[in-house]
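Dear colleague,

Please find below the structure that I am handing over to you. My findings follow directly after it.

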Amino acid sequence: MKFICTAAIALFTLTNLSAQQKSTITLTSQENAPTINKHIYGHFAEHLGRCIYDGFYVGENSKIPNTNGVRNDIIAALKDLGIPNLRWPGGCFADTYHWKDGIGPKDERPTMVNQWWGGVTEDNSFGTHDFLDLCETLGTEPYLAANVGSGTVQEFTDWVQYVNHSGKSPMSDLRKKNKRDKAWGVSIWGVGNEMWGCGGNMTPEYYANLFKQYSTFMSDWSNTGKLFRIASGANVADYHWTEVLMRDIPKNLIEGVALHSYSFVEWEKKGSSTNFNEEQYFTTMQTALKMEELVTKHSEIMDKYDTNKKIALIVDEWGGWYDVEEGTNPGFLYQQNTMRDAMIAGTTLNIFNNHSDRVRMANLAQTVNVLQAVILTKGDKMILTPTYHVMHLYKVHQDAKLIPLKVASPEYKFGNKTLPAISASASAKDGKTHVSLVNIHSTEKITVEINVDALKLKNITAQIVASPKLQDHNTFEKPNVIAPKDFKDFKLKNGVLSVTLPPFSVVVLEGK
Ligand code: AHR
């Protein structure tokens with residue numbers, strides 16, 4: 001009995017001690033701080049699994065309410081999320097896609113085999129008009145990722161002319177014949193995708209030459225603005241790739257260099273999206289937090305060749321990658337989305353915000369039913385994932401001025417490995433200040449103290465995304481297990497804001 005009491009007291013003391021865990025955040029001068037480009041909050045929709053077909057697009061004749069074949073519930077959810085751009089049609093699919101197959105009467109379009117994703121045959125019923133009209137409906141900027149790997153310069157520049165030329169030209173005539181008079185005016189273009197892999201297994205030197213060739217012949221056809229040309233970027237920590245592109249491509253031909261990095265337990269042994277243990281959670285967060293080092297080092301290389309930071313670093317594929325859900329096509333990359341994904345989203349977006357001098361665009365992979373999706377669908381049902389809710393809370397940072405900060409964080413230990421438990425970013429816009437905080441610790445709540453005296457904040461409100469278990473997620477039967485809630489566990493005293501963050505939680509505070 002005595003032992004039980006002693007053990008209980010020891011446990012209580014430990015818990016109490018852990019409740020004392022503190023983090024201090026210091027806000028620094030905003031004077032030369034960049035604006036957080038809204039495009040950091042971009043999304044990605046590939047012809048992969050059920051992202052486009054049986055995801056966004058159910059067809060004009062579907063019983064599911066739709067606008068030109070795109071589900072109305074998805075349109076409403078994405079409008080509410082305020083997505084600034086949408087990347088399409090790939091991914092690896094981009095370098096197999098011949099855009100002319102996806103225009104004109106739908107019943108006359110040729111089929112194609114999706115060689116990368118499940119080998120399925122598609123009928124090209126969702127093409128350029130469908131995508132660009134959808135972007136207009138959503139009020140989002142299209143990002144066309146165009147084919148370099150199996151295409152030609154002519155095919156590429158024809159696409160630019162088709163969507164952007166207002167005057168008389170072969171491609172604008174074709175567009176008009178297909179019942180669209182007005183040019184869409186697409187500015188953001190990806191020149192191939194993953195050219196080191198599925199885009200053609202190229203060396204950076206070879207691709208740099210190809211990029212120069214494609215880029216030279218791209219014209220915006222409108223004289224109203226410039227194209228934003230993005231070179232296919234490095235795979236994770238392939239710094240040589242970035243070095244060669246920055247060294248070999250003249251600055252007048254390029255506006256952005258991409259980077260792809262996913263979070264996972266082990267590439268060869270990804271594990272379940274919902275049934276994972278703490279070790280798997282910790283390892284996933286290790287790869288997610290590696291983004292800090294990746295953007296720092298890639299930016300340092302870019303700084304060497306581009307001191308004025310003209311060229312943007314575009315992380316146009318990021319997110320968690322796990323095994324597909326049981327019984328689903330392995331080539332469709334359909335996975336659930338838990339509080340682990342909320343942690344990936346919150347920490348990654350904080351990293352991007354804090355590096356917004358160079359990171360000026362990013363695309364979460366992918367929007368619907370694929371990888372770290374913000375939306376999942378089943379028949380006529382649709383659910384919003386924890387990642388959706390985090391991105392919704394964070395949308396306040398779009399086009400806001402960054403408030404640079406320094407975080408002194410307690411450690412989250414697992415075995416002999418440690419990670420910083422706390423991640424943060426802050427910004428100001430329209431007389432409001434927002435601070436987004438993430439505690440990735442699996443068991444401990446942490447109190448964060450921020451001296452906000454200089455900001456003279458009065459009315460502070462907050463919202464939280466949290467749940468009792470890391471594995472918690474929304475399902476079609478229980479769609480609101482995880483949703484943002486009002487949060488009150490903070491106080492402002494003598495200019496110091498103290499916020500107590502539960503384990504694995506995301507909190508966004510707003511002060512006026
Ligand atoms: O997002 C899924 C795939 O991941 C993309 O098609 C490819 O670019 C990357 O390897």
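A residue is called buried when its relative accessible area is under 20%, exposed when over 50%, and partly exposed in between (1.4 Å probe, protein chains only). This is a predicted model, in which local features need pLDDT of at least 70, side-chain atom pairs count only at pLDDT 80 or more, and totals for chains, interfaces and linings use all residues. Residues are numbered from 1 along each chain as its sequence is written, and side-chain values use heavy atoms, with hydrogens and water left out.

I begin with strand β9. Helices (H or I, at least four residues) and strands (E, at least two) are DSSP runs, numbered from the N terminus. In a regular strand, side chains alternate between the two faces of the sheet. Strand β9 (residues 188–191) is covered on both faces, with Ile188 and Gly190 buried on one side and Trp189 and Val191 buried on the other. Two strands pair if DSSP finds at least two bridges between them. Strand β8 (residues 141–146) pairs with β9 in the parallel sense over 4 bridges, and Val191 is the bridge partner of Ala146. Strands β9 and β10 also run parallel, joined by 4 bridges; here Val191 stands opposite Ala231.

Helix α7 (residues 239–248) is largely enclosed by the rest of the structure, because 7 of its 10 residues are buried. These are Tyr239, Trp241, Thr242, Glu243, Val244, Leu245 and Met246.

Helix α8 (residues 278–305) also packs against helix α9 (residues 339–354): their axes come within 9 Å and cross at roughly 15 degrees. The two helices are therefore roughly parallel (angles under 35 degrees; over 145 is roughly antiparallel, 65 to 115 roughly perpendicular and the rest oblique). Axes are lines fitted to C-alpha atoms, for helices over the stretch in contact, and angles run from 0 to 180 degrees between N-to-C directions. Contact means heavy atoms within 4.5 Å. Residues making the contact include Tyr281, Met285 and Leu289 of α8 and Met343, Ile344 and Ile351 of α9.

Ser505 counts as buried, at 0% relative accessibility. Leaving aside neighbours within four places in sequence, Ser505 is in contact with Met343, Leu437, Val438, Asn439, Ile464, Val465 and Ala466.
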